[in-house]
Amino acid sequence: MKSNNKKLIIILSIAIAIFSISVIDKTFQNDTFFNISIGKHILENGIDMKEPFCWVQDNLDYSYSHWAFDIIIYLIFSKFSFTGIYIFTIIFTAIIGITLFLVLSKRSKYTIIPFAVTLLTLHIMPYAFTARSQIISFLCFIVEIFCIEQFIETKQKRYGLLLIIQAIIIANFH
């Protein structure tokens with residue numbers, strides 16, 4: 001019976017990954033162009049804490065809040081252009097969907113309910129799954145909820161450590 005459940009989870013995870021393709025829009029937001037430019041600027045000049053593209057005032061102070069994401073988006077763009085960013089967004093959306101499904105499956109004795117909730121979530125939130133830093137945060141928040149629940153139940157320190165690591169990731173990617 002356990003083997004059948006694992007097979008079902010694998011099949012449903014593949015279905016979620018395929019469904020992720022349908023929810024990602026092929027257009028990009030204005031922020032995508034800004035992220036690409038900032039990523040390039042950081043790689044060329046380092047984190048200088050100055051807004052490089054302001055035409056109103058020179059040397060305007062700026063905090064690079066999602067510098068790591070900007071660098072990743074620029075590197076993807078420089079190697080694979082916008083197609084690479086589109087594929088990255090699909091892959092990350094699939095990872096978010098599968099992670100959500102697996103976390104919900106751990107809390108439910110039925111497999112189909114977490115699957116339905118995951119598909120519904122992906123369907124009603126397509127605007128949120130874009131090439132922006134929030135996509136990293138969504139994944140971290142899902143894992144964070146799981147870690148908090150596991151930490152409360154098991155008192156294992158590794159879940160507390162994962163919470164600290166996730167806070168560091170969110171601070172640098174969003």
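Good morning, everyone; the protein I am showing has 6 helices and 0 strands, where helices (H or I, at least four residues) and strands (E, at least two) are DSSP runs numbered from the N terminus. Please keep in mind that this is a predicted model, in which local features need pLDDT of at least 70 and side-chain atom pairs count only at pLDDT 80 or more, while totals for chains, interfaces and linings use all residues. Residues are numbered from 1 along each chain as its sequence is written, and side-chain values use heavy atoms, with hydrogens and water left out.

Let me begin with the overall picture. Along the sequence the pattern reads α-α-α-α-α-α, and the C-alpha atoms fill a box of roughly 65 × 40 × 25 Å, taken along the principal axes. Of the 174 residues, 37% are buried, a word that stands for under 20% relative accessible area, with exposed meaning over 50% and partly exposed in between (1.4 Å probe, protein chains only). If we take the contacts (heavy atoms within 4.5 Å) with a separation of 6 or more, 67% of them join residues 24 or more positions apart.

Now to the interior. A nonpolar core is a set of buried Ala, Val, Leu, Ile, Met, Phe, Trp, Tyr and Cys residues joined through side-chain atoms within 4.5 Å, and the largest one here has 34 residues, of which F69, I73, F92, I96 and I136 touch the most other members. Two or more residues of this core come from each of α1 (2-23), α3 (67-107), α4 (112-124), α5 (134-154) and α6 (157-173), and α3 gives the largest share, 14 residues. As for F92, if we leave aside its neighbours within four places in sequence, it is in contact with I135, I136 and L139.

Which residues of α6 are buried? They are Y159, Q166, I170 and F173, and, seen down the axis of α6, they fall within an arc of 75°, so they line one face of the helix; the arc is that of the directions from the helix axis to the C-beta atoms. The face turned away from that buried side carries the exposed residues K157, I164 and A171, whereas the cover over the buried residues of α6 includes α3 and α5.

My last topic is the aromatic rings. Rings of Phe, Tyr and Trp (its six-membered ring) pair if their centres lie within 6.5 Å, and planes under 30 degrees apart count as stacked, over 60 as edge-to-face and the rest as tilted. The structure holds 8 such aromatic pairs. In one of them, the rings of F28 and F82 have centres 5.2 Å apart and planes at 40°, so this pair is tilted. F28 sits in the loop between α1 and α2 (30-45) and F82 in helix α3, so the pair ties together parts that are 54 residues apart in sequence. F28 is partly exposed, with a relative accessible area of 24%, and F82 is also partly exposed, at 28%.

Another pair, F101 with F115, is edge-to-face, with 6.2 Å from centre to centre and 80° between the planes. That pair links distant parts of the chain, F101 in helix α3 and F115 in helix α4, 14 residues apart, and both F101 and F115 are buried. Finally, ring pairs link F28, F33, F77 and F82 into a cluster.
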